[in-house]
Amino acid sequence: MKQLNEFEKQMLLYRIDNLRNLSNKDFMVSFAGIVNDFDLLQKEDLENLQDHDWCRDNIRHEYTIVKPLSKNVSDTLVEEKKDNTGRQRYYDNVFYIKGKNVLLSSEWYDGTGRKPDNKTIFINWLRSFVKNNNNGNLKVSHNP
């Protein structure tokens, strides 16, 4: 993560907190912007967001948050957005994060109904990088 002064840290925390007020698609677009603008994630963090078990155990997210694209984007983009049942789980936009073309999850829940509030957990995870200067692999509590 870039070195930030206290004011810049507070502004970044404000941007991260504001994610909760956005629609799901804007939430992910803004996430990609924050990650790229502030070099927020390390290689290991990006790998965690591509790991199904890590996403489920730490963010309560049933699908990977980030899905890297295969080399031949044009031929496989349509299929890569879908899960094994054929349902689309990723947005159409291709994002560039940490030197990779990726898809970002469309499966974000607001806490209503039977789905967990995984947005809040994810936001708290991002905040932890700023507050702890991105020291190590942080596990997020399921009770934000």
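1. Asn 5 caps the N-terminal end of helix 1, with a side-chain oxygen 3.0 Å from the backbone nitrogen of Phe 7. Helices here are DSSP runs (H or I, at least four residues), numbered from the N terminus. A polar contact is a pair of N or O atoms within 3.5 Å; within protein, one must be able to donate a hydrogen and the other to accept it, and residues adjacent in sequence count only if both atoms are side-chain atoms.

2. This is a predicted model, in which local features need pLDDT of at least 70 and side-chain atom pairs count only at pLDDT 80 or more, while totals for chains, interfaces and linings use all residues. Residues are numbered from 1 along each chain as its sequence is written, and side-chain values use heavy atoms, with hydrogens and water left out.

3. The 13 residues of helix 1 should span 18 Å at 1.5 Å a residue, and the end C-alpha atoms are 18 Å apart, which agrees. The expected span is 1.5 Å times one less than the number of residues.

4. The buried residues of helix 1 are Lys 9, Leu 12, Leu 13 and Ile 16. Viewed down the axis of helix 1, these buried residues fall within an arc of 100°, so they line one face of the helix. The arc is taken from the directions from the helix axis to the C-beta atoms. Phe 7 and Tyr 14, on the other side of helix 1, are exposed. Buried means under 20% relative accessible area, exposed over 50%, and partly exposed in between (1.4 Å probe, protein chains only).

5. The buried residues of helix 1 pack against helix 2 (24-38) and helix 6 (118-131). Helix 1 and helix 6 pack at an angle of about 175°, with their axes 10 Å apart. That makes helix 1 roughly antiparallel to helix 6 (angles over 145 degrees count as such). Axes are lines fitted to C-alpha atoms, for helices over the stretch in contact, and angles run from 0 to 180 degrees between N-to-C directions.

6. Ile 16, in helix 1 (residues 6-18), is buried, with a relative accessible area of 0%. Beyond its neighbours within four places in sequence, Ile 16 is in contact (heavy atoms within 4.5 Å) with Ile 34, Leu 40, Ile 123, Leu 126, Arg 127 and Val 130. Ile 34 is 18 residues from Ile 16 in sequence and 7.9 Å away in space, C-alpha to C-alpha.

7. Arg 127 belongs to helix 6 and counts as buried at 16% relative accessibility. Not counting residues up to four places away in sequence, Arg 127 touches Leu 13, Ile 16 and Asp 17.

Conventions: Helices (H or I, at least four residues) and strands (E, at least two) are DSSP runs, numbered from the N terminus. Angles under 35 degrees count as roughly parallel, over 145 as roughly antiparallel, 65 to 115 as roughly perpendicular and the rest as oblique.
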